[in-house]
Amino acid sequence: MRRFLPILLFVLLSFFVGYVSMLLQQDALQGWYPSLIKSSLTPPGIVFSIVWGVLYLLMGISAGIVWNMRTVYSWVLAVLFFVQLALNLLWSLCFFYLQSPLLGFVVLVVFFMVLAVYVAGCYKQSRMSALLNIPYLLWLLFAGYLNFYIVLYN
């Protein structure tokens, strides 16, 4: 049970950030976002909900695994985890709430770099923890493409 609790807490924290992000996006998803010119590769809205749900679960499990290793390095990775989670939330704030695709893209670039450093650090602690974040990295690359497309064409 002692090893499961940190994993559960990191998962719940990740989903909480997702919930707050959803609240920040609601108004823009109703009015502003549908009016944008988007890439033909933009998936339907339900896909975003499903993918982010899976990603929040995976990132929380990954962070819990690293935390359970209880090394000095675990603290560094926890800080990086919280920074990437804050950037996750900041992207929603910039892109949807402030309706600024350019600012959102800038945040997304920094977000991706921090996440890449986090994943590399996880790899040194636990390969499984790092592998759990590969879909997250790939999704951010795709999100970067979608975001940049909106910057270019709107």
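**Exercise 1. A serine in helix 3**

Leaving aside its neighbours within four places in sequence, which residues is Ser 92 in contact with? Find out as well whether Ser 92 is buried or exposed.

*Solution.* Before starting, keep in mind that you are looking at a predicted model.
- Step 1: Locate the residue. Ser 92 belongs to helix 3.
- Step 2: List its partners. Beyond the neighbours within four places in sequence, Ser 92 is in contact with Ser 21, Gln 25 and Tyr 97.
- Step 3: Check the accessibility. Buried means under 20% relative accessible area. Ser 92 has a relative accessible area of 2%, so it is buried.

**Exercise 2. Sequence distance and space**

How many residues apart in sequence are Ile 61 and Val 11, and what is their C-alpha to C-alpha distance in space?

*Solution.* 
- Step 1: Find Ile 61 in helix 2.
- Step 2: In sequence, Ile 61 and Val 11 are 50 residues apart, while their C-alpha atoms are 6.2 Å apart in space.
- Step 3: Apart from residues up to four places away in sequence, Ile 61 touches Ile 7, Val 11 and Leu 132.
- Step 4: Classify Ile 61. Its relative accessible area is 25%, which means that it is partly exposed.

**Exercise 3. Inside the protein**

Which residues have the most contacts inside the largest nonpolar core?

*Solution.* 
- Step 1: The largest nonpolar core has 36 residues, and those with the most contacts inside it are Trp 52, Tyr 118 and Tyr 136.
- Step 2: Ask which elements build it. Two or more residues each come from helix 1 (4-30), helix 2 (45-68), helix 3, helix 4 (101-125) and helix 6.
- Step 3: Helix 3 gives the largest share of this core, nine residues.
- Step 4: Zoom in on Trp 52. Not counting residues up to four places away in sequence, Trp 52 touches Met 59, Asn 88, Tyr 136, Trp 139 and Leu 140.

**Exercise 4. On the surface**

Which residues make a nonpolar surface patch of about 630 Å²?

*Solution.* 
- Step 1: The patch is made by Met 1, Phe 4, Leu 5, Leu 8, Leu 9 and Leu 12.
- Step 2: Take Leu 12 as an example; helix 1 is where this residue is found.
- Step 3: Leu 12 has 49% relative accessibility, so it counts as partly exposed.

**Exercise 5. Two loop residues**

Where are Arg 70 and Gln 99 found, and what is the phi of Arg 70 and of Gln 99?

*Solution.* 
- Step 1: Start with the background. Most residues other than glycine have a negative phi.
- Step 2: Arg 70 is in the loop between helix 2 and helix 3. Its phi is positive, about 50 degrees, although Arg 70 is not a glycine.
- Step 3: Gln 99 is in the loop between helix 3 and helix 4. Its phi is also positive, about 55 degrees, and Gln 99 is not a glycine.
- Step 4: Arg 70 is exposed at 52%, and Gln 99 is partly exposed at 39%.

Technical notes. Residues are numbered from 1 along each chain as its sequence is written. This is a predicted model: local features need pLDDT of at least 70, side-chain atom pairs count only at pLDDT 80 or more; totals for chains, interfaces and linings use all residues. Side-chain values use heavy atoms; hydrogens and water are left out. A nonpolar core is a set of buried Ala, Val, Leu, Ile, Met, Phe, Trp, Tyr and Cys residues joined through side-chain atoms within 4.5 Å. Buried means under 20% relative accessible area, exposed over 50%, partly exposed in between (1.4 Å probe, protein chains only). Helices (H or I, at least four residues) and strands (E, at least two) are DSSP runs, numbered from the N terminus. Contact means heavy atoms within 4.5 Å. Patches are made of residues with over 30% relative accessible area and no salt bridge: like charges are joined within 9 Å, nonpolar side chains (Val, Leu, Ile, Met, Phe, Trp, Tyr) within 5 Å. Accessible areas come from the Shrake-Rupley method with a 1.4 Å probe; for residues, only the protein chains shown count as cover. A salt bridge is a side-chain nitrogen of Lys or Arg within 4 Å of a carboxyl oxygen of Asp or Glu.
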